[in-house]
Amino acid sequence: MSEEKKPEGKEGLTPENPEVKSELAQVEAEVQEGESKVVGAANGAEASKTTPEVPVANEEASQEPTPTAATDAAAERAAARAARQAARAAATPTGEPASAETPSVTPADATDDDKAAKAQAAAEARAARASARAAKPDSAEPAAPKEPSPNQPLLDRLVEILKSDVGEDAVVEAFINEKDAHRPYVIIHSSRWPEAAVIMKNHEELRCDYLRNLSGVDQETHLEVAYHLLSLTHNREYCVKVKTDREQSIIPSVASVWPTADWNEREAYDLLGINFPGHPNLQRIMMPDDWVGHPLRKDYEPLDPEV
């Protein structure tokens, strides 16, 4: 018997070759694994769409919806994600081995799905809140009227005293500062301030005998000085503000009424350039006498930026 001749050409391409058998077995295993993933994803999508039946104890219980609106929304989103994953998996033909370099579902795809699901959930929450606001009945009771400040009588009496004893034009504005412990605030015209200061200190109902603090403020459109007054006799506190022009900043001094104003007015003069006529010694108190400008003004530009 004559020996069979092996086909010419490249060796190792016959099915009997062990290496070829190993490669074929590996390809078949990958095909089976791809098919099982596709079937599992499809089954998961169908299972998530199906709401499990819940046994009921009686007819009344069966009429009540078991899942809440939030559960339904979550189930629908989960089903949508599973369906998208199944669709991507099904895009790979099952008759050919799936490539290891192109898996049906990648971690990046899963991350994108999570982000999309979170964005959708946030949009649904916003829509629910908007619907709740729109569904608010027009017949809702209006908000209760705001209660008057407990210090409103003190403010009213202060304004009445100043207008009667100083002048109708003495008080420019009056209000209660709720953020400052409901402190009564009055804005007094600068030309009326010396008389008003004497009245606030000596009037029997006011007795503002202590000036706790005096501070200058640059409001960009104007300058102003705030005086925090305390009545040690009646244990009451008031705040007085006096405004002045930026170009000609003049507020009469009250150092003769409250000695505390002496150095405080010098500080406002030094750092903001507010002039206090009637002050006994109006000189700079912090900056050198030859210093140019006033550092606390918002438009201040130093001659030497390194200083």
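A: A salt bridge here is a side-chain nitrogen of Lys or Arg within 4 Å of a carboxyl oxygen of Asp or Glu. The model is a predicted one, in which local features need pLDDT of at least 70 and side-chain atom pairs count only at pLDDT 80 or more, while totals for chains, interfaces and linings use all residues. Residues are numbered from 1 along each chain as its sequence is written, and side-chain values use heavy atoms, with hydrogens and water left out.

Side chains of opposite charge can pair when their charged atoms come close. The structure holds 13 salt bridges. One of them joins glutamate 237 to arginine 183, with the closest N and O atoms 2.4 Å apart. This pair links distant parts of the chain, since glutamate 237 is in strand E5 and arginine 183 in strand E2, 54 residues apart. Helices (H or I, at least four residues) and strands (E, at least two) are DSSP runs, numbered from the N terminus.

Buried means under 20% relative accessible area, exposed over 50%, and partly exposed in between (1.4 Å probe, protein chains only). Both residues also belong to a network of salt bridges that links Asp180, Arg183, Arg212 and Glu237.

A further salt bridge is formed by arginine 246 and aspartate 218, whose closest N and O atoms are 2.4 Å apart. This pair, too, links distant parts of the chain: arginine 246 is in the loop between E5 and helix H7 (261-272), and aspartate 218 is in strand E3 (residues 210-218), 28 residues away. Arginine 246 counts as buried, at 12% relative accessibility, and aspartate 218 is buried as well, at 5%.

Arginine 192 and glutamate 195 also meet through their side chains in a salt bridge, at 3.7 Å from N to O. Arginine 192 counts as partly exposed at 23% relative accessibility, and glutamate 195 likewise at 39%.

Strands E2 and E5 come up again beside helix H5 (residues 152-165). The buried residues of H5 pack against strand E1 (171-177), strand E2 (183-188), helix H6 (193-202) and strand E5 (236-244), where contact means heavy atoms within 4.5 Å. In H5 the buried residues are Leu155, Leu158, Val159, Ile161 and Leu162.

Notes
The expected span of a helix is 1.5 Å times one less than its number of residues.
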